[in-house]
Amino acid sequence: MTKRNKIIYWVATLWMSLGMLSGGIAQLFQVKDAVDGVVRLGYPSYFPAIIGFWKILGVIAVLIPRFPLLKEWAYAGFFFCMSGALYTHIAVGDPAKESIGPVLLIILIVVSWYFRPAERRLISSIQ
């Protein structure tokens, strides 16, 4: 892996992790604004705690060494969560600025996943 790719990976991964972790903590601990935002979109008030719990575990899975299958599941979960958030904002007719967070996180998820080092991949090389 080139130095440039390693830098791209870690910048994207750390920003993605910060976004997921901060949102996950706010949701898990039922911070009023986090819960109100999700309820306004039509989800039940207990939903943020569930999503927050899984976001925190996903960040841990992505950042710790080894366990490539777990990392794949975490990336997939992040992508499903953020693409679902994007779709929900569009479906309820929110202004475009409300979609900036999910779009940015989707980009960071894809970049982090794409540039991940070989030892963090499920299949590191095809022979």
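Author: Helices α3 and α4 are oblique to each other. The model is predicted, with local features needing pLDDT of at least 70 and side-chain atom pairs counting only at pLDDT 80 or more, while totals for chains, interfaces and linings use all residues. Residues are numbered from 1 along each chain as its sequence is written, and side-chain values use heavy atoms, with hydrogens and water left out.

Reader: Why are α3 and α4 called oblique to each other?

Author: The axes of α3 (residues 47-63) and α4 cross at roughly 140° and come within 9 Å. Angles under 35 degrees count as roughly parallel, over 145 as roughly antiparallel, 65 to 115 as roughly perpendicular and the rest as oblique, so α3 and α4 are oblique.

Reader: What makes α1 and α4 oblique to each other?

Author: Helix α1 (residues 3-28) packs against helix α4 (residues 68-91) at an angle of about 60°, the axes being 13 Å apart, and α1 and α4 are therefore oblique as well.

Reader: Which residues of α1 meet α4?

Author: Tyr9, Thr13, Met16 and Met20 in α1 meet Tyr75, Phe78 and Met82 in α4, where contact means heavy atoms within 4.5 Å. These residues divide into six nonpolar, one polar and no charged, given that Ala, Val, Leu, Ile, Met, Phe, Trp, Tyr, Cys and Pro count as nonpolar, Asp, Glu, Lys and Arg as charged, and the others, Gly among them, as polar.

Reader: How many charged residues are in the contact of α3 with α4?

Author: The residues that meet there include Lys55 and Gly58 in α3 and Lys71 in α4, and the contact divides into eleven nonpolar, one polar and two charged.

Methods
Axes fitted to C-alpha atoms, helices over the stretch in contact; angles between N-to-C directions. Helix = DSSP H or I, 4+ residues; strand = E, 2+ residues; numbered from the N terminus.
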